[in-house]
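Morning, everyone. I'll talk about pockets today, then strand pairing. Have a look at the model first.

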Amino acid sequence: MSTHDTESPVRFDTKIAVLLREDLETWQRLNVTAFLVSGLGTQVPEVIGEPYEDADAVGYLPMFRQPVLVFEATKEELTRAHGRAVSRALPRALFTSDLFGTGNDRDNRAAVRAVPTADLDLVGLAVYGPRNAVDKAVKGVRMHP
């Protein structure tokens, strides 16, 4: 697609999905989403588009080149999606309930490291990869209202 073609919709062959546990408070949903997607751009640089500039030539940081789809899930659905993402080796980020009680990156990593995979109390998960693989990982969850 050329940069001048504004008529045709862009269809990406990849997908960014964020799953949030349904019992989170609004502030938690926003916080968890921000933390989860922050990891994708650092490890999967192809998800980042070009920098922005307004009409006065003021520059802005680049953002994701494609939409982020946000889903709502039960604890069980999150665990199932996590297992599917791991088994498909999809790039992923997680947020556990323990991270609400920490105040820095070092303690966050230590809190996750202290818990076996099967026992993680997931409240959020971000997954990136080929559209079909991400669809299979998040199968059964619903779009966030």
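This is a predicted model: local features need pLDDT of at least 70, side-chain atom pairs count only at pLDDT 80 or more; totals for chains, interfaces and linings use all residues.

Start with the largest pocket. Its volume is about 400 Å³. The lining counts 18 residues. Which of them lie nearest the centre? They are F35, G39, A93, L94 and D105.

Now the elements behind that lining. Helix α1, residues 26-43, β5, residues 92-96, and α3, residues 105-113, each supply at least two residues. Which element gives the most? That is α1, with 6 residues. By class, the lining of this pocket has 10 nonpolar residues, 4 polar and 4 charged.

Next, the second largest pocket. Here the volume is about 150 Å³. V10, R11, F12, T14, K15, I16, Q66, P67, L69 and R131 form the lining. Strand β1, residues 14-21, contributes the largest share, 3 residues.

β1 pairs with β4, residues 68-73. Parallel or antiparallel? Parallel, over 6 bridges. Within that pairing, L19 has F71 in β4 as its bridge partner.

β4 also pairs with β7, residues 142-143. This pair runs antiparallel, with 2 bridges. F71 turns up again: in β7, M143 stands opposite F71.

How values were computed: Residues are numbered from 1 along each chain as its sequence is written. Side-chain values use heavy atoms; hydrogens and water are left out. On a 1 Å grid over the protein atoms alone, a cavity is a set of points where a 1.4 Å probe fits but cannot get out, and a pocket is an open set with protein on both sides within 12 Å along at least five of seven lines; lining residues have an atom within 4 Å of a point. Grid points are joined across faces, edges and corners, and a volume is the space filled by probe spheres set on the points. Helices (H or I, at least four residues) and strands (E, at least two) are DSSP runs, numbered from the N terminus. Ala, Val, Leu, Ile, Met, Phe, Trp, Tyr, Cys and Pro count as nonpolar, Asp, Glu, Lys and Arg as charged, and the others, Gly among them, as polar. Two strands pair if DSSP finds at least two bridges between them.
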